[in-house]
Amino acid sequence: MVQARDISGGIHFHSGGHRDRPKPRQLPGDARGFVNRGQELGRLDAILTDGGGESVSVPVCVLAGTAGVGKTSLALRWAHRAQDRFPDGQLYVNLRGYDPGAPVTPQEALHRFLSALGVPVAAIPADLEAGAALYRSLLAGRRVLVILDNAATVGQVRPLLPGAAGCLVVVTSRSRLPGLAVRDGAHTLTLSTLDETEAVALLSVVTAAYRPQDDQDQLIELARLCARLPLALRIAAERAASRPRMGLDELIRDLRDESALWDALSVGDDEEAEAVRTVFAWSYRALPAAAARLFRLLGLHPGAEFGTAAAAALGGGAGTGRIRHLLDVLVGAHLLEQTGPDRYEFHDLLRAYAADQARHEEPPEERAAALRRVLVWYLHSADAAQTWINPQEAHIPLDPPGDDLTPASFADYEEAMRWYEAERGNLLAATRAAGEAGLDVIAWQLPAVLRSVHMLLNPFEEWLAMGRIGLRAARRLGDRTAEAELLESLGMACTQSHRLAEGAEYHQSALAARRETGDRLGEALSLNDIGLIHLRGRRLEEAKERFEQAAAVFRELGAAQWEAVVLANLAEVTYELARPEEASGFVRRALEMHRGLGNQGGEGNALRILSAVQRDRGQPEEALGSAEGALEIARTHRNHMWEGYWLLELGRAQQANGAFDAALVSFQRAASLQRRLGDRAREARAWDGAGETYRRLGRPGEAADFHRRAAAAHRELDDLWHAALALDGLAAALREADEAGGADEADGAQEAGGAEEAGGAEEARRHWTEALRALASYDDPRAAALRERVLAALESGGR
C-alpha cells in the first residue's frame, strides 16, 4: 500500500495504519447453558501464558473430538472469555468440513476475512497465495484471535494461518490434523465425551427450571442414552423442558424404543453415532407435522444457511409468517440454530439427518419440485438485485417464477448489495445444485444473471466457478446462444483478473458460437472484447483491426450506442499508436454520438480520451477542460469506477498545465478509489503519476518511492509496458536524486558523496536495463521512442 507521507500543499497518501484498520468482532454468541469443561478451559488458558504470566507465541491450537462432543461450544466459550487478550479483533469461519454440501474453500474463507479486515471486495486477490500473503500482511504486528471451526483437512487451514506472533488460531476438527503439529507447531487438545456428573449437570441446567422434580437416577439414564454427547444431551434436554408434565421415565421409555429401532448400543464410535441419531429421531418425531416437513425439506437447501424467504420457497405455498413460526419451533427444539436476524443454519449432523429424512419420506417428485422452487427463487432474486447493483447491463430473459414464489425485492442499491453479500455463498451452491440435479437452464442462467454483478465486484473465484458450471450446462443443452453468454462472461473474468491469454480463448470461442448462430450483434460484441484484450496487452494493430470490424457490424445493424463505444476504443488505440490526428477524428465522432444518445458515461470516457489526445497535440488548456468535463459527469453520477479511472487523465492534464499540487490530489484520490475498486493496475498507474509529479516538483527521493511501488505492482501483474514506464521514471528519479546530492556535497565530503552517487547511478542503470528487457516485445512508435530514450540514458552512463 502507499505509505503515509506529506506532499506539497499538506496532501497525504493514506496507508490505512493500525488506528484506521477495522477490528472485526466475528465471534458467534456464546454457547447457551454451557457447563463443565473446566479442565479443558484451563488448558486453553495455559496456551496464552507461560509460568511467569507473560504472553507466549503458540500459533495454533487444535480442538479434536468426535461429532457432537462440543468442540465448537468449548472454542466459543473460551474465545469469549479470552477476547480481551486480542484487542485487534476476532475472526470466525465455519469451514463446514463435514457438511453434506461443499466445504468452505480457503479462498472463500480468505475472502470473508480480508473483507472483515477492511479490504474492498473488488480488491481481494483471486489467487490463493496472493490472498494469503495479503492476509498475513494485514495481521502482522496485531493481536487477533482466529477461530476455524469444523476443519476437515490441513489444506483448509494452512492458508488461513496468520504467521505473526501475537495471533492465535483455534481449529476445531474431528481429526487431530497431525500435519499442523509437525509443521506449524500446533498444540492438540482432544475432547472426550462428558463424564456422568458433567452430562447430568448439562441436562439439569436446561431442565431444572421446568421440571425440578426429576430423579437423579433417571437423569443419569437419559445421559447414558445420549452417549454423554453435548449435542444429543441438549436436544434431549430441550424436549424434556418443553414437556414439564410428562414423567422423565416416559420420555426415557420413548427414547429406548427409538434406540431399538436403530440397533443402538454397539461399541465405540458406532455407539456414539447411533446415540446421536436416536436422539435426532426421537426429537424429530415429536415435531408437529408441518414443522417436521419443513425440517426435512430444509435438508435439500443447497447452502448451509438460509433466510425465511428461501425456506418459504422450499416449503411451497406457505406464507413467510407461517414459515417463520415453524422455524421458531425448530429452533426451540434445538434442531436448527438462529445465527442472526433472519439467518438460520443446521449443525452438519442435523443437516445430514434432515436430508436423509427427505429422501425417505418425500416422494422423488416432491423433492425435485422443492429444490427447483428454491433455485428459481435465487435466480429471480439475483435478477432483482442486478436491477440496483448494475442497472446499465441488459437482463437475461427469464421464465416467470410461478404464482407460488415471491422473489426478493429491494428498495435501493444498499439493500440489494446486503442481500448479495449475505447470499453469495448460496448463489454458488445453488448453481452447483442446479448442475448436479440436471436443471441445466437454471445452471446457466444463474451465472449469466450474476455476471453484471461480478464484473463490478471482481469476486474472481466464484465468478469463474459459476461460469464453468454454467458453460457445461449450456453445452449439455446444446444451446449455443447460452454457451456464448457464458464464454463471454468467463472471458471478462479472465481479462479483469489479468489472465489475458485465457480470456482471449474464451472470447474467440464466444465469437465462433455467435457466428455459427448468426448472432451479428453478439459477434460484434465479441470482436470488441477481443480488441480490448489486445489493447490491454499492447498488441495495438490487432486491437485496431478488431475494433474496426466491430464498428462495421454495429454500423450495419444500426446499433448506434455500441458503435459510439467502439469509436472511442478506436480513438484510444490510435492515440497509443501515436496517431493524434486519426485519434482526434475518432474521439470527436464518438463524443458527438454519445451526446446525441444522451449516454453520459460514454461521453465522459470520450472526454478522457480527448484530453489525452489534446495533451499529445500540445493543447494543455483544452486537455484540462476536457478532463474536468469528464470528472464532472463521474461525480454527478456518483460513479466511483468512472471517477477513479478518469482522475488519472485529469492528473496528467494538471501536470501539463503546471498545476502540480492539484495533480497530486488527483492521483491520491485515484489511488484510493482504485484500491477500493480492486483494480491494482490502475492503482499502480496512479502511483506512477504521483512519482512523475514529484519529479516535476524537484523532489526525486519521494518520486522514486512511488515509481518503485508502481514498477513492483506492474511486474506482478505481468504488465510489461507500464512496468517499463515506471522503471524509466524510477531510474530518472534516482539519477536526479544523485545529482542533487552531489551538488550539495561539501568539498571535504566529496569522496563519500561520490560513492553514494555511484551506488544510485548503478541502481538507475539496473532499472533502465530491466526497462529495455520489458520493451523488447513492443514495436509501436511510443515503445520505440521510450526505448531510444532509455538507450540514450544508458549510453551516457546513466547520468
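Are Glu572 and Arg608 buried or exposed? Both of these residues are buried, and their side chains meet in a salt bridge, with 2.9 Å from N to O. The structure shown here is a predicted model, and a search through the whole of it finds 54 salt bridges.

**Salt bridges**

- Side chains of opposite charge can pair when their charged atoms come close.
- Another salt bridge is formed by Arg293 and Glu366, whose closest N and O atoms are 3.9 Å apart.
- Arg595 forms a salt bridge with Glu603, and here the closest N and O atoms are 3.0 Å apart.
- Within this pair, Arg595 is partly exposed at a relative accessible area of 47%, whereas Glu603, at 13% relative accessibility, counts as buried.
- Salt bridges that share partners also build one network, which joins Arg293, Arg296, Glu361, Glu362 and Glu366.

**The three-stranded sheet**

- Three strands form an open sheet with antiparallel pairing, and their order in the sheet is β8-β10-β9.
- The edge strands are β8 (305–306) and β9, each of which pairs on one side only.
- Strand β9 is joined to strand β10 (residues 343–345) by three bridges, and these two strands run antiparallel.
- Among the bridge partners is the pair of Gln338 and Tyr344, the latter residue lying in β10.

**Residues with a positive phi**

- His334 has a positive phi of about 65°, although it is not a glycine.
- His334 is found in the loop between α14 (320–332) and β9 (337–340), and it counts as partly exposed because its relative accessibility is 23%.
- Arg538 is likewise a residue other than glycine with a positive phi, in this case a value near 60°.
- The place of Arg538 is in the loop between α22 (520–536) and α23 (540–557), and Arg538 is buried, since its relative accessible area is 8%, a value under the 20% that sets the limit for a buried residue.

**A patch of negative charge**

- On the surface, Asp195, Glu196, Asp215 and Asp217 gather in a patch of negative charge.
- One of these residues, Asp195, is found in the loop between β7 (187–190) and α7 (196–207).
- Asp195 counts as partly exposed because its relative accessibility is 39%, which lies between the limits of 20% for buried and 50% for exposed residues.

Terms used
Residues numbered from 1 in each chain as written. Predicted model: local features only at pLDDT ≥ 70, side-chain atom pairs only at ≥ 80, totals over all residues. Heavy atoms only, no water. Patch = residues over 30% accessible without salt bridge, like charges linked within 9 Å, V, L, I, M, F, W, Y side chains within 5 Å. Areas by Shrake-Rupley, 256 points an atom, 1.4 Å probe, with all protein chains shown as cover. Salt bridge = Lys/Arg side-chain N within 4 Å of Asp/Glu carboxyl O. Lys, Arg positive; Asp, Glu negative; His and termini not counted. Charge placed at Lys NZ, Arg CZ, Asp CG, Glu CD. Helix = DSSP H or I, 4+ residues; strand = E, 2+ residues; numbered from the N terminus. Buried < 20%, exposed > 50% of the residue type's maximum accessible area, 1.4 Å probe, protein only. Pairing = 2+ DSSP bridges.
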